[in-house]
Amino acid sequence: MTGKMEYLTFFNGHKMPILGLGTAHALGDDIEKAIDAALEIGYRHIDTAQRYNNEAQIGRALKKWLDSGKIKREDLFIVTKLPLTGNRAECVEKHLKQSLHDLQLDYVDLYLIHHPVGFQDLDPKDNGEEMLLDMNTDHVSLWKAMEDQVDAGRARSIGLSNFNARQVKRVWRSARIKPANLQVELHVYFQQSELRAFCRALDITICGYIPLGAPGVRPPGRAAITVDASKMPKRDQMTNPVVSQIAQKHGKTNAQVLLRYIIQLGVAAIPKSTNPDRLRQNFDVFDFELSAEDMDTLEQLDKGPAGRQVRAFIPEMANHPEYPFNAHY
Ligand SMILES: NC(=O)c1ccc[n+]([C@@H]2O[C@H](COP(=O)([O-])OP(=O)(O)OC[C@H]3O[C@@H](n4cnc5c(N)ncnc54)[C@H](OP(=O)(O)O)[C@@H]3O)[C@@H](O)[C@H]2O)c1
């Protein structure tokens, strides 16, 4: 790779590599090998979550690298997330300690509340069948427990995921330690311009998930059965002719243009891949620059909220008082 990694700087001075590795739906040997390959390529930012059921495999791969001395802990930026079943103040420490145990780390660089909707703490099943909503989710008391994790040295920074602007503002107002980062769906069809401006004003950085539009990934759980695929927005960012034209001009792939666009918006991107060639391709985005004209052209592809691909992963979520996605942003 030519070109140098870029970073987002949090309000507290910590720096997040602007390109990271997504790990959702990557399990077992696949993810262990992918982490190995990714670290070799140069990835240092890894995004996981207790919900992804892969922290132990990621932990094994990280430990191998740390023990070998090829990498230092301070060179890594590890993100994980409080599961939706843990959205109560008294659950936060237990879940973060479990994640640290599985990741074989003393601290994470960023700990996020995965989702504003809370579930009861029953055994989480992948397909969501056993998940029951907890209608009493209280973000303010939950955030205080997140702050305790920074005090205890278990998280360097804390943040939010899938919160809408009203929810972010409420946490931000109540916070002793401010949220450093908001992780939300963000790609060329759903560019989140209002939310980006809102977060900029509060000095909260943004990380965009499903930056490639998650080609090939079916919505998980019961949503896969109950959602009518014809009503889902098209996931064809990767074959969009406008993107292809810009990619050809720069001698790059569509995926590289989609990622470079997000980076030039000042947003972190966490594409997932377990394929070594695609891992390399997705990382190779620091040796070219999209022109102002390219940026304007890509901005025109925004569909606004109609471009959102992730909604409730079980339909009942939409009945929760903190369901975030009915707001415009
Ligand atoms: N906070 C949240 O609620 C939330 C929600 C969703 C996702 N996330 C995070 O965001 C990450 C990224 O989202 P995502 O994994 O859903 O979607 P994505 O990164 O947009 O797309 C991943 C899919 O694209 C394929 N792919 C990757 N690079 C490619 C390339 N260069 N060319 C062609 N295909 C390529 C991957 O397959 P291969 O592996 O076979 O390459 C995989 O099927 C997740 O892994 C997770 O860490 C967070």
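Axes here are lines fitted to C-alpha atoms, for helices over the stretch in contact, and angles run from 0 to 180 degrees between N-to-C directions. Helices are DSSP runs (H or I, at least four residues), numbered from the N terminus. The model is predicted: local features need pLDDT of at least 70, side-chain atom pairs count only at pLDDT 80 or more, and totals for chains, interfaces and linings use all residues. Residues are numbered from 1 along each chain as its sequence is written, and side-chain values use heavy atoms, with hydrogens and water left out.

Two packed helices are described by the angle between their axes and the distance between the axes. Start with helix H1 (residues 28-41) and helix H2 (residues 55-68). They pack at an angle of about 35°, and their axes lie 8 Å apart. The crossing of H1 and H2 is right-handed, meaning that the near helix is turned clockwise from the far one by less than a right angle. From H1, the contact (heavy atoms within 4.5 Å) takes in Gly28, Ile31, Glu32, Ile35, Asp36, Leu39 and Glu40. Facing them in H2 are Gln57, Ile58, Arg60, Ala61, Leu62, Lys64 and Trp65. By class, this contact of H1 with H2 has seven nonpolar, two polar and five charged residues. Ala, Val, Leu, Ile, Met, Phe, Trp, Tyr, Cys and Pro count as nonpolar, Asp, Glu, Lys and Arg as charged, and the others, Gly among them, as polar.

H1 also packs against H10, at an angle of about 35° with the axes 10 Å apart. This crossing is right-handed too. H1 contributes Ala34, Ala37, Ala38 and Ile41, and H10 contributes Pro276, Leu279, Arg280 and Phe283. The contact of H1 with H10 divides into seven nonpolar, no polar and one charged residues.

H10 leads on to the ligand. Helix H10 (residues 276-283) gives the largest share of the shell around the ligand, three residues. In total, 29 residues surround the ligand, each with a heavy atom within 4 Å of it. The closest are Asp47, Asn162, Lys272, Ser273 and Arg278. The shell holds 13 nonpolar, twelve polar and four charged residues.

Which ligand atom lies 2.5 Å from a polar side-chain atom of Arg278? It is an oxygen atom. Asp47 also places a polar side-chain atom 2.7 Å from an oxygen atom of the ligand. Ala24 uses a polar backbone atom, 2.9 Å from a ligand oxygen. Taken alone, the ligand exposes 910 Å², and the protein buries 87% of that; these areas come from the Shrake-Rupley method with a 1.4 Å probe.

Definitions and conventions. A polar contact is a pair of N or O atoms within 3.5 Å; within protein, one must be able to donate a hydrogen and the other to accept it, and residues adjacent in sequence count only if both atoms are side-chain atoms. Helices (H or I, at least four residues) and strands (E, at least two) are DSSP runs, numbered from the N terminus.
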